[in-house]
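Welcome! Please take a moment with the sequence and the 3D view below before reading on.

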Amino acid sequence: MIKDLLWVEKYRPKKISDVVGNELAKTKFIDWLKKKNRRKKAVLLYGPAGVGKTALVNAASNQFNFTIIEMNASDTRTEKTINKVGKPATSFIALDRFSSESKGNILFLDEVDGVFGQQDRGGIKAIINIVKQSLIPVVMAANDTDQKKLRPLKKVCQLIRFHQVRIPLIITTLQKICSAENIEAEFEALERIAQNSQGDMRSAINDLQSTSEGKEILTLQDTMLLRTRNKDIGMYETLRGVFSAESVGEAAIMLSRSNVNYDDFLLSISDNLPFRYPESADLATAYDMVSKADVFRGRVGTENWHLLRYFFNLLAKATTVSPKSFKPFDFISPPIRVMSLFWTKNKRMKLENICAKIALKCHVSRNTAKTDIVPFVKIMLEKQKSSKIVSWLKLEPDDLDYLIKMNKL
Amino acid sequence: MVVLNKKSFTLPRVEREHFVRLMRLGVEYDRDKGTFSIASFDNIEAILDSISNILNDEILFLQNCLICDNDFPCSECNYPEFCETKNLPFQCVCPQCLKNRKIPQQKLF
């Protein structure tokens, strides 16, 4: 029976020390798990696929005798289903916690970045509520935490980052598996499998199993059919890659491998250019390229994807105006515009609410209320705080404070 | 090129904004010893860029071998072009141990 198992299952880490790489992330997670009074009730493990996030949770629960209640991407994760499983699991402390054999339950939500769309409507909101009310540790895992929908979730979680597993560590693990399976493997073959995996331990083990199936000797020739795996890279790595690229081609390849949002990336390039080019002539050329790239982004819209390569090429050119002058600098990421919108969200919401009240009473649109009426209401309030207009518009005291302190619209 | 020790390292007098940025990124400062150390590796690439920017030089962290416990630089490694975490202060396996096919019995499985 165990012979037919996938090797990723057969050699799944049983102890924490079995999880290869990411030593600091492991220590951080164990420290959090061992704490009795956790500052944050949930932890979000994030990083590329196949680096040991799920393996660490399983190994830690095994070692510390926790019982895992798991929901992963194969389950439907609507608000209703998450509440159905998560609420009973997190609202009560299991009696077996008081026994010597078990320490209780852990709620483990794997691939939370996959909770989206119509299918999983309300899922993230339900998870946040569960985290806030939970009596047991909640552990989540995700590949990409840059997504907008995960921002509220990140606020209530302790974040632990996982990095790609290094090639020598993968080779050592593959050697160990080969010796356990009585396979004599050429070092070059294992080296090729490890390099091909690009830091993904799971895919390396799967590739090893597929190439050495039914063989006692694994040669380099056997691994020749393996195809290079594509890896997505995030915003920071993309910025770092394109700004330090030595040619337009290198920068363009980096851009095409990236999984960042095109609009955010355009803004980020624009924010970072002044740090990259101290010479004003270079800076002007680079901004010219960015403005052209922006034109192409507009033309791409949602259907003319064939124009995307021009967008990429122009951005690549903008970042490599003078490749030799590159010196490391502190990248601005996320874009300033996105950040300022994020920080001013409450203020903007407040103004929107006031405009909605005025619009309702004056029978105008919210926009008209904002541009034509609010400035006059502000002047009136500055002169006389408790005027009749306040009660007529049903403005609250904090609305008044906001309008009086507001500088400009 | 400056070689730093991941456990603690010193920097020349750092401007306020650089200091605040380092602290935000996850670097800790020991007032008594006057040394910096990396407390969180979540923003390790940004920390590396910031320190490099402060020192105005390329910086390098030595790697610690999981098998023989020796320190070695990434320049000795045969796979720098495949490694997205090169020069970052993580544990690894040194080329000698890898070549000798020493398998860590306790640390892996």
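The report below walks through a few parts of this structure.

## Starting point

A quick word before we look around: this is a predicted model.

## Chain B at a glance

Chain B holds 3 helices and 7 strands. Read from the N terminus, its elements follow the order β-α-β-β-α-β-β-β-β-α. The chain has 109 residues, and 28% of them count as buried.

In chain B, 3 strands make an open sheet with mixed pairing, in the order E6-E5-E7. Strand E6 (71-72) and strand E7 (91-92) of chain B are the edge strands, each pairing on one side only. Strand E5 (residues 63-65) of chain B is joined to E6(B) by 2 bridges, and these two strands run antiparallel. To find this spot in the view, look for B:Gln63, which stands opposite B:Phe72 in E6(B).

## Where the chains meet

How many residues of chain A are in contact with chain B? There are 29 of them, and they are in contact with 25 residues of chain B. On the side of chain A that touches chain B, the elements giving two or more residues are helix H2 (23-34), strand E5 (157-161), H7 and helix H10 (235-244) of chain A. H7(A) provides the largest share of that side, with 9 residues. Sorted by kind, the residues on this side of chain A are 12 nonpolar, 10 polar and 7 charged.

## The nonpolar cores

The largest nonpolar core has 82 residues. Those with the most contacts inside it include A:Leu44, A:Leu45 and A:Met140, and also B:Val93 from chain B. Helix H7 (residues 167-180) of chain A gives this core its largest share, 6 residues. Another core, of 24 residues, lies apart from it; A:Leu239, A:Phe311, A:Leu315 and A:Ala316 are among its members.

Leaving aside residues up to four places away in sequence, A:Leu45 touches A:Phe29, A:Lys53, A:Val139, A:Ala141, A:Ile160 and A:Phe162.

## A covered strand in chain A

Strand E4 (residues 138-142) of chain A is mostly covered, with 5 of its 5 residues buried. A:Val138, A:Met140 and A:Ala142 point one way from E4(A), while A:Val139 and A:Ala141 point the other way, and all are buried.

E4(A) also has strand partners. Strand E1 (residues 42-46) of chain A pairs with E4(A) in the parallel sense over 5 bridges, and A:Leu44 has A:Met140 as its bridge partner there. Strand E3 (residues 104-109) of chain A pairs with E4(A) in the parallel sense too, over 3 bridges. Here the bridge partner of A:Phe108 in E4(A) is A:Val139.

## Two loop residues with positive phi

A:Asn22 is not a glycine, yet it has a positive phi of about 50 degrees. This residue sits in the loop between helix H1 (7-10) and H2 of chain A. Is A:Asn22 buried or exposed? A:Asn22 counts as buried because 28 other C-beta atoms lie within 10 Å, and the cut-off for buried is 20 or more.

A:Gln198, also not a glycine, has a positive phi of about 55 degrees. Look for A:Gln198 in the loop between helix H8 (187-197) and helix H9 (201-212) of chain A. A:Gln198 is buried as well, with 21 other C-beta atoms within 10 Å.

Technical notes: Residues numbered from 1 in each chain as written. Chains lettered and ligands numbered in written order. Predicted model: local features only at pLDDT ≥ 70, side-chain atom pairs only at ≥ 80, totals over all residues. Helix = DSSP H or I, 4+ residues; strand = E, 2+ residues; numbered from the N terminus. Buried ≥ 20, exposed ≤ 12 C-beta atoms within 10 Å, placed from the backbone. Core = buried A, V, L, I, M, F, W, Y, C linked by C-beta atoms within 7 Å. Contact = placed C-beta atoms within 7 Å. Nonpolar A, V, L, I, M, F, W, Y, C, P; charged D, E, K, R; others polar. Pairing = 2+ DSSP bridges.
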